Amino acid sequence: MIDLRSDTVTRPTAAMRAAISDAPVGDDVYGDDPSVNRLQAMICERTGKQAAAFFPSGTQSNLAAIMAHCARGDEYLVGQLAHTYKFEGGGAAVLGSIQPQPIEHAEDGSLPLAKLEEAIKPVNFHFARTRLLALENTFGGQVIDQDYIVEACSLARRYGLATHLDGARISNAAVASGLDLATLCEPFDTVSICLSKGLGAPQGSLLVGSHELVEASVRWRKMLGGGMRQSGMMAAAGLYALEHQFDRLADDHRNAERLAAGLAEVGGVKVLRQATNMVFLEVPEAHWQGLGEWLRERDIIVSVGSRTRLVTHLEIGEKEIDQVIAAFTTYFGR
């Protein structure tokens, strides 16, 4: 199958499976799993942060970070379409009693500084206390400009706000921009980094920050059900991903460019944009079901609908890209 729904669908390579099988393990709740400790040390070195914690998922690491920054009755500023606001089950509000204050995105995925400043609440018992700015990079595949990020974080600091980055695909941002992880992470107090998207590990995210904030997040991780035992097997997959599958993200970006260029020649669909490893299409509603079935019959899985997104990853090469283009061409050329 050629699965373009997301870069989360990747399966461990044979070499990654071997690393998982051979991983030295301990009990991570006691802090003595050597593979987890090595993974955490590696990401600290790459990001320039003091401490790191290994989480089962990015949703949990984002939530634990927000809860480490905010108390009940506080609020965080976040994008209207950001993952931490829209796609994580309302966890901050439900489990943390933390109010999100959504901000409308600019075309480039950023949150306009004037809107951010306007949304910060005055100190008054009528209002939730604004405590945190949460950004996302990449956003919809777009690399958020680093100069903007520095400026937004500076604005947050002027008002005494903490900063968190949902860096689920920050590895893509690093490869696309040519900036290293330390540079991209430097403005933020905490950063969540996903291992199970383009990097190709089966699960897991890392939260980096100061010793104090990471310690607080680990306490919340325990309460959220994230106390793990011999998690070194999954940490070994993360180690392999960082060591062997980081730079190859550039291949995904090139394949997405190839896919966008090919589909732009197909009558019946409109390529809206391509950024890093994502291609967004406009497909007429009359073709949503038919196109989806046509592609599946040809072993191609695409979520066709009002927001048709095609995502390249380590299991998609030029051959597969050309098959997808041919399938679209044939369908609309009938």
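This report walks through one predicted model, from the whole chain down to a few single residues.

Before we start, some ground rules: this is a predicted model, in which local features need pLDDT of at least 70 and side-chain atom pairs count only at pLDDT 80 or more, while totals for chains, interfaces and linings use all residues. Residues are numbered from 1 along each chain as its sequence is written, and side-chain values use heavy atoms, with hydrogens and water left out.

**The whole chain**

You are looking at a chain with 14 helices and 12 strands. Helices (H or I, at least four residues) and strands (E, at least two) are DSSP runs, numbered from the N terminus. Along the principal axes, the C-alpha atoms fill a box of roughly 65 × 50 × 35 Å.

How much of the chain counts as buried? Of the 334 residues, 54% do. Buried here means under 20% relative accessible area, exposed means over 50%, and partly exposed is in between (1.4 Å probe, protein chains only). As for contacts (heavy atoms within 4.5 Å), take those between residues at least 6 apart in sequence: 74% of them join residues at least 24 apart.

UniProt, in an unreviewed entry, places the feature "domain: Aromatic amino acid beta-eliminating lyase/threonine aldolase" at residues 3-284. UniProt positions are given in the numbering used here, feature names are shortened, and annotations may be inferred rather than shown by experiment. That span is 42% helix and 18% strand, and its end C-alpha atoms lie 21 Å apart.

**The annotated lysine**

The unreviewed UniProt entry also puts "modified residue: N6-(pyridoxal phosphate)lysine" at Lys 197. Look for Lys 197 in the loop between strand E7 (190-194) and strand E8 (205-209). Lys 197 has a relative accessible area of 18%, so it is buried. Which residues does Lys 197 contact, leaving aside its neighbours within four places in sequence? They are Asp 7, Thr 8, Thr 10, Ala 168 and Arg 169.

**Helix H3**

Helix H3 covers residues 58-69. Its 12 residues reach 16 Å from the first C-alpha to the last, close to the 16 Å expected; the expected span is 1.5 Å times one less than the number of residues. Because 10 of the 12 residues are buried, H3 is largely enclosed by the rest of the structure. The buried set includes Gly 58, Asn 62, Leu 63, Ile 66, Met 67 and His 69. At the start of H3, a side-chain oxygen of Ser 57 comes to within 3.1 Å of the backbone nitrogen of Gln 60.

Gln 142 sits in the loop between E5 and H7, while Gln 146 is in helix H7 (residues 146-158). Not counting residues up to four places away in sequence, Gln 146 touches Leu 179, Thr 183, Leu 184 and Pro 187. Gln 142, leaving aside its neighbours within four places, is in contact with Glu 107, Asp 108, Gly 109, Asn 137, Arg 273 and Ala 275.

The structure holds zero disulfides, a disulfide being a pair of cysteine sulfur atoms within 2.5 Å. For Cys 153, the nearest cysteine sulfur is that of Cys 185, 11 Å away. For Cys 185, the nearest is that of Cys 44, also 11 Å away.

| Residue | Relative accessible area | Class |
|---|---|---|
| Gln 142 | 16% | buried |
| Gln 146 | 13% | buried |
| Cys 153 | 1% | buried |
| Cys 185 | 0% | buried |

Most residues other than glycine have a negative phi, and most peptide bonds are trans. Where does this model have a cis bond? The peptide bond from Asn 137 to Thr 138 is cis, with omega near 0°. Thr 138 lies in the loop between strand E5 (129-136) and H7.

Ser 97 has a positive phi, near 55°. Ser 97 belongs to the loop between helix H5 (91-96) and strand E4 (99-103), and at 31% relative accessibility it counts as partly exposed. Thr 276 has a positive phi too, of about 45°. Its place is the loop between strand E9 (270-275) and strand E10 (278-282), and Thr 276 counts as buried at 8% relative accessibility.

Technical notes: A polar contact is a pair of N or O atoms within 3.5 Å; within protein, one must be able to donate a hydrogen and the other to accept it, and residues adjacent in sequence count only if both atoms are side-chain atoms.
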